[in-house]
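These are my notebook entries on one structure. I set down what I looked up and what I found.

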Amino acid sequence: MIKKIRILGIAPYKGLVTLMKQCALQYPEIELTAYAGSMEQGLSLAKRYSDHYDVIISRANTANMISPVCPCSCY
């Protein structure tokens with residue numbers, strides 16, 4: 001059995017969360033969990049859950065806040 005790539009998505013609005021989930025459905029090797037929230041909420045989510053994911057995907061300033069404090073890759 002192939003190990004799935006575990007991705008945490010953090011977006012500033014629900015529409016982007018929906019888009020992330022729709023895109024992930026096209027890739028059976030991806031297990032995506034996505035949340036909508038502010039930069040501060042995104043940082044809190046990343047700190048809390050980063051040990052459970054291989055990659056965190058977020059935008060600009062949120063990604064910049066998350067990157068120094070999380071052991072997984074952040075994009």
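I count a contact when heavy atoms lie within 4.5 Å. The model is predicted, so I take local features only at pLDDT of at least 70 and side-chain atom pairs only at pLDDT 80 or more, while totals for chains, interfaces and linings use all residues. Residues are numbered from 1 along each chain as its sequence is written, and side-chain values use heavy atoms, with hydrogens and water left out.

**Entry 1: confidence.** I first looked up pLDDT, the predictor's confidence in each residue, from 0 to 100. The chain has a mean of 90, and 93% of its residues reach 70 or more. I then compared the elements, where helices (H or I, at least four residues) and strands (E, at least two) are DSSP runs numbered from the N terminus.

**Entry 2: helix α2.** I asked which residues of α2 are buried. I used relative accessible area, with buried under 20%, exposed over 50% and partly exposed in between (1.4 Å probe, protein chains only). In α2 (residues 39-49), Gly42, Leu43, Leu45 and Ala46 are buried. They lie on the same side of α2 because they cover an arc of only 165° around the axis, taken from the directions from the helix axis to the C-beta atoms. Exposed Glu40 and Lys47 sit on the face turned away from that buried side. The cover over the buried residues includes β1 (5-11), β2 (30-36), β3 (55-57) and α3 (60-66).

**Entry 3: cysteines.** I noted that Cys70 is in the loop between α3 and β4 and is buried at 9% relative accessible area. Beyond its neighbours within four places in sequence, Cys70 contacts Ala46, Lys47, Ser50 and Ile56. Cys23 is partly exposed, at 37%. My search of the whole structure for disulfides (pairs of cysteine sulfur atoms within 2.5 Å) found zero.

**Entry 4: salt bridge.** How many salt bridges does the structure hold? I required a side-chain nitrogen of Lys or Arg within 4 Å of a carboxyl oxygen of Asp or Glu, and I found one. Asp54 pairs with Arg6, with 2.9 Å between the closest N and O atoms. Asp54 is in the loop between α2 and β3 and Arg6 is in strand β1, so the bridge ties together parts 48 residues apart in sequence. Asp54 is partly exposed at 27%, and Arg6 is partly exposed at 23%.
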